[in-house]
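Thank you all for coming.

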Amino acid sequence: MADRYLSFTGTAPGRFLTRRLGLPQPAPLRRWSAEHPSLDGRLLHLTAGKSDPDLAPVLARTGLEVGTRADAGTGRPTAVVLDATGVRDTDALAEVHAALHPVVRSVAESGRIVVLGAPLDPADHHQYAVQQALEGFVRSLGKEIGRGRTANLVRLTDAGAAESTLRFLLSPKSAYISGQLIEVGGRDAGVDTGIGIGGATVPVDDPAKPLAGRTALVTGAARGIGEVVAETLARDGARVVCLDVPAAGADLARVAERLGGTTLPLDITAGDAGARIAAALPGGHLDILVHNAGITRDRRLANMPAERWSSVLDVNLASVLRSTDALLAAGALRSGGRIVATASIAGIAGNAGQTNYAASKAGIVGLVRSLAPRALAEYGVTVNAVAPGFIETRMTAAVPLFIREAGRRMNSLGQGGVPGDVAETVAWFAGPGSGAVNGQVVRVCGQSLLGA
Ligand code: NAD
């Protein structure tokens, strides 16, 4: 459903009126398109505390022209990366202010600020305190900077292992992600897990088709976010298997045909869904499993019949647990594989009328946190989740007008997301360079005020 307010504020009278009335002025976001695949422009590489020498070559590979503090006064940078990994005390924390204060105003519209932190050190309460301070700093900055600009914090141990994450955050693909903390492990966490198919090792570094040779299964792929996730993974070279309920068969066939994929009409709540998925996989193997299917049956708890509760818990959580277990146990997910589940900010913040839905989505967060380290150790598979905020789909088009408008505006970017914002996040998790991204729940919500 079109966001008429966003279109109106893009016109001269709209800008004038909303400014006079003090209303939100959302900026159109620069999203990925085949014609405009990168942000273009200059990236300022700044440092607070001791710098990480491995970072410069990684930033050089982002495709942006890299400048340093000496270039801070010239032009408008598209992105600023502040290396704060060496911040261990409050003196060094002052350097965060010193580095960003002079440049923050000059960052271009739809630009990026990425702060790099270090893992919290439990043996050093000074380091722990100031690294934790970066989180509050970045979340506040995200709420201040406006004009479609975003601010995110990445905690990393190894700049090389974080390359896929930095490329993602410094691209138009992450336009609707702001105010987030992403923790990236070290090289031993399984970066660049090339997989062998038919005796040949699949190259992991084809920038145009990073998922070439991989098979991806997307549940709920007949429409909405799932359809765009399947489309995005296919764009990146994956062979897609599109699953949805048999009743959605016609839409499912249309999607699979368009993407050159295959269909799997199946109700994911079926007890044997895992076995039926395994049997339907081309070659019997899977590399990327995207649990996207989900339903809402909203009602306040006092008015909620047991059936509404159980149907939501069954589709959104129980079937995800069951099918994941079955596919891992059957060895259907190859080493180097990826599981991406779908949570929601409702599962993080809670939402009146959604005790069932929020419980199911909070359960997804728990599943990711618990399974991620074991799945990586035992199967070489990462487990992460996206937590969408207000995304423009049929699900949100059905929301009453005033609640829908509030959902769109109550975030730092002042607008709803689009399915592609979620899909690009899934594709980043699924990418061959993202083996060190594990156990993360990344909100794709424009830094929604809910649960912020
Ligand atoms: P949607 O209703 O447009 O699409 C969901 C798809 O899942 C449908 O095609 C449906 O047929 C399928 N599905 C439902 N039950 C199924 C089952 N038992 N077996 C197989 N397929 C089934 O929803 P959407 O907005 O695209 O949402 C996709 C996911 O994102 C869901 O998990 C949803 O909870 C989550 N999410 C969406 C938003 C949003 O703003 N749209 C926000 C947060 C989270």
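This is a predicted model: local features need pLDDT of at least 70, side-chain atom pairs count only at pLDDT 80 or more; totals for chains, interfaces and linings use all residues.

How many residues surround the ligand, and which are the closest? There are 27 of them, and the closest are R223, I225, D244, N292 and Y357, where a residue is taken to be near a molecule if one of its heavy atoms lies within 4 Å of it.

Residues are numbered from 1 along each chain as its sequence is written, and side-chain values use heavy atoms, with hydrogens and water left out.

A polar side-chain atom of D267 lies 2.8 Å from a nitrogen atom of the ligand, and a polar backbone atom of I268 is 3.0 Å from a ligand nitrogen. On the oxygen side, a backbone N or O atom of G389 lies 3.2 Å from an oxygen atom of the ligand. Taken alone, the ligand exposes 820 Å², of which the protein buries 94%, these areas coming from the Shrake-Rupley method with a 1.4 Å probe. The elements α7 (224-235), β10 (239-244), α12 (355-379) and α13 (394-397) each supply at least two residues of the shell; helices (H or I, at least four residues) and strands (E, at least two) are DSSP runs, numbered from the N terminus.

Let me turn now to helix α4, residues 90-100, whose buried residues are A92, V96, A99 and L100. Buried means under 20% relative accessible area and exposed over 50%, with partly exposed in between, for a 1.4 Å probe and protein chains only. Seen down the axis of α4, these buried residues fall within an arc of 80 degrees, so they line one face of the helix; the arc is that of the directions from the helix axis to the C-beta atoms. On the other side of α4, T90, D91 and H97 are exposed. The cover over the buried residues includes β1 (42-49), β3 (79-86), β4 (112-117) and α5 (125-145).

Finally, consider T215, which is found in strand β9, residues 215-219. T215 is buried, with a relative accessible area of 0%. Leaving aside neighbours within four places in sequence, T215 is in contact (heavy atoms within 4.5 Å) with residues including R239, V241 and P282.

Terms used. A polar contact is a pair of N or O atoms within 3.5 Å; within protein, one must be able to donate a hydrogen and the other to accept it, and residues adjacent in sequence count only if both atoms are side-chain atoms.
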